[in-house]
Amino acid sequence: MNKQNNSFMSWLDKRFPVTENLERHLTKHPVPKKVNFFYIFGALLMVIFMVQVITGIWLMMFYTNTEEGAFASVEYIMRDVEYGWLMRYMHSTGASAFFFLMYFHMFRGLLYGSYQKPKELVWLFGCFLLFLLMAEGFLGYVLPWGQMSYWAANVILSLFGAIPVIGPDLQVWIQGDYVLSGATLSRFFALHVVVVPLLMIALVVFHIFALHEVGAGNPEGVDIEKHRDEKGMPLDGAPFHPYKTFSALPAIGIFFVIFFSIVFFAPEGGGYFLEKPNFEEANFLKTPEHIAPVWYYAPFYSILRAITFGIPLLGITSKFLGFIIFAASIAILFVVPWLDRSKVQSIRYKGMYSKIGMILFAASFITLGYLGTKPVNELRTLIAQICTLFYFLPLILMPIYTKYEKTLEVPERL
Amino acid sequence: MSKKIDQNRRRALHITSGIVGAVTVAGFAVPFLSAWNPSEKAKALGASVKFNLSKLEAGAMVVLEWRRTPIFIVHQTLSAIENLPKLDAKVTNPAKEEGITRSANSSYTVLKGVCTHLSCAPKYHPEIEPKAWDQEWLGGFFCPCHGSKFDLAGRVYKGVPAPTNLEVPPHSFDGDMLTIGEVG
Ligand code: HEM
Ligand code: FES
C-alpha cells in the first residue's frame, strides 16, 4: 500500500513537484519554537479570507446588481433563501473580523519589528493587502444599496471630486454617471467579486513566499538561522507540521466559537457592523442625519474630518488637504521598514522612546476610531487633531529616536 | 551553435518588441477605460435642460429636474430685488460677487432645490409678511425639516442648521431661453 502510494507520488513528483513544495512551504518548513499569541493572526486571516470567499460566492447566486433590484435582493436573501441570513451575517461579520485580525496582525509587526530587514517585502505585500481590504470593504458596503451605502459612498467619491483640476471629471468617470447611480453599483459589484479578490489572492501568495524565503520571526527578535544542527535544521526551530499546525487548530476553534457567537447573537454588532440607516433603501434626495463609517474605517475617517483647514496660498481646500492626510496615514505604513533604524527588532529590547512612541501611536489609533463613529463637535475635532498628530509623530520621528536610543543586548538563542 | 551572439541585434529586438508591446497595451486600454465613462443613456439623462422663461410671471417659481436634482427657477419681483441687499447683514455669506440674483440675469434666480443642511427640499415662501419662523420675513425659502431659512436668492440666514447658501447650478441665458447644465 505504502509502496504503491510512494510510486504514485514519485510518478507525480517527476511531472509536478508536489512533495518538494509541500515540504518547503508546509510540512518541513522551520518555524521558531517559541512565539506568542500575536503570531496566530496570520493563520486566522487565511481562515477568514476563505470564509469571505465561500459565503461571497453563495451570496452572489441570489444578489441582483442593479439600482432597482439590489436592496430587494438583499431582503430576499435574508427572508426567503434558506440559510440566506447565515450567509449574509457570516459575510458581514466576516468583514469586521477580517479587519480586527488584520489590525492585530499589523500591530504584532510593529511591536516586534517583523518588518525589518530582510522582511521588508513581507511587510510591503501586507500593506498592499490592507489597502486592498479597505477597498474591498468599501465596494462591498455599497452593494446592499441602503441609505448608508449610498451616502457613505457619496462622501468618499466626492473626495476624488476635491482633487484640483482633474477631480470632477475623475469622479464622473469612476461613477459612470453625474450622480452616484446604478452604473456605479454594477461596476463596484464587478470590482468587489472579481478584481480585488483576485489581486488579494495573488498578494497573499507573494506574502507567504516572501516570508518563507527569509524565515518567520519571533517576539525576541533572535535570528534562529545562526545556530543549526548537523542536518541544517535551526536549533531553535521546529518543522511547521506537526508543531505549528496542531497549535493553530485549537486557536482556529476558539476563533470560530467567538465568530459564530457574534453571527448568531449580535450580527449587527450594536450598529457598528451593520448600520441602522442601511435597513432603508437608498434615497437620492434624503441624506441621513449622521453619516458614520463602519468601525473599521473610523480611525481613518476621523483623520479625514480632523483636517478642517486648507492651504489657501496653494489653492488647497480643507477637503482636499483632508484627503491628502488621510491617504498619507495609510501610505506612511508602507515605508515603516525604512523608518526603523534600530539595531534590535523587538520592542522588548528597544529603548524608552520606541516604547512611548508605540503607546502614543496605539492610543491615538483607538481614540480616533472612537471619535470617527460619533458626530463632530468642537471638542471632538480638537481631540481628533491632537490624535492625528500623535498618529504620525511616532512614525515620522522613528528614524531619529531608533538610531540614538539605548537598546538592550539581544540573547543568542530563543 | 558556434555562431557568435549578435548583441546589437538582440538589443534592437528587445527595444522594438518592448515599444510595440507597450503601444498595443495602451491601445487596448483605451476601450476598456472609456467604457467607464457615462453611457449614452446616462449622458442623455445628464444632459442640459432648457426652459422658456416667457411664461414665468414675476414672483412665480418653477421646479425642473436636472441630474436627478430639483432645480428652482424664480422670477424675482422688483420689490424683491430692492429687498435682497437689505438682508446682507442677516445672511452668513452675502455673496456680493455673484450679483443680487446670484445668476447671470438680473431678474431670475436659479438654485439647486436641496437644503445644504441634510438635503431636504426647502419650501418657497415669497410673501412679505410675519411668519412663525421670522417676524420680519421678506420672502425666501424655509426648510421644514430643521428650520433653515434662505432668502429669495438662496442665501442662508445666520443661526440656522444649514451651513452654506443654496447651490447655483451651471446655467446660461439666451434671450428667453434658460439652459441648465451649461455655462454660456
Ligand atoms: C489578507 C491578509 C493577510 C494574510 C492572509 C496574512 C497572512 C500571514 C501569515 C499566514 C503569516 C505567517 C504567520 C504569522 O506570522 O502570523 C504572516 C506573516 C506576516 N505578515 Fe501577514 N497576512 C495578511 C496581511 C498582512 C498585513 C496587512 C501586514 C502588514 C502591513 C502583514 C505583515 C506581516 C509580517 C511582517 C509577517 C511576518 C511576521 C514574522 O515572521 O515576524 N500581513 N502573514
Ligand atoms: S435639511 Fe434643511 S434644515 Fe435640515
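How far apart do the C-alpha centres of domain 1 of chain B and domain 2 of chain B lie? They lie 58 Å apart. Chain B is divided into domain 1 (1–37) and domain 2 (45–180), with bounds that come from an automatic or database domain assignment.

This is a predicted model, in which local features need pLDDT of at least 70 and side-chain atom pairs count only at pLDDT 80 or more, while totals for chains, interfaces and linings use all residues. Residues are numbered from 1 along each chain as its sequence is written, chains are lettered from A and ligands numbered from 1 in the order in which they are written, and side-chain values use heavy atoms, with hydrogens and water left out.

One disulfide (a pair of cysteine sulfur atoms within 2.5 Å) is counted over all chains. This disulfide joins B:Cys120 to B:Cys145, with S to S 2.0 Å. The link of B:Cys120 and B:Cys145 is left-handed, with -95° about the S-S bond. B:Cys120 lies in the loop between β4 (108–112) and β5 (123–125) of chain B, and B:Cys145 in the loop between β6 (140–142) and β7 (149–151) of chain B, so the pair ties together parts that are 25 residues apart in sequence. Strands (E, at least two residues) are DSSP runs, numbered from the N terminus.

| Residue | Relative accessible area | Class |
|---|---|---|
| B:Cys120 | 17% | buried |
| B:Cys145 | 36% | partly exposed |
| A:Cys387 | 10% | buried |
| B:Cys115 | 3% | buried |

Definitions and conventions:
Helices (H or I, at least four residues) and strands (E, at least two) are DSSP runs, numbered from the N terminus. Buried means under 20% relative accessible area, exposed over 50%, partly exposed in between (1.4 Å probe, protein chains only).
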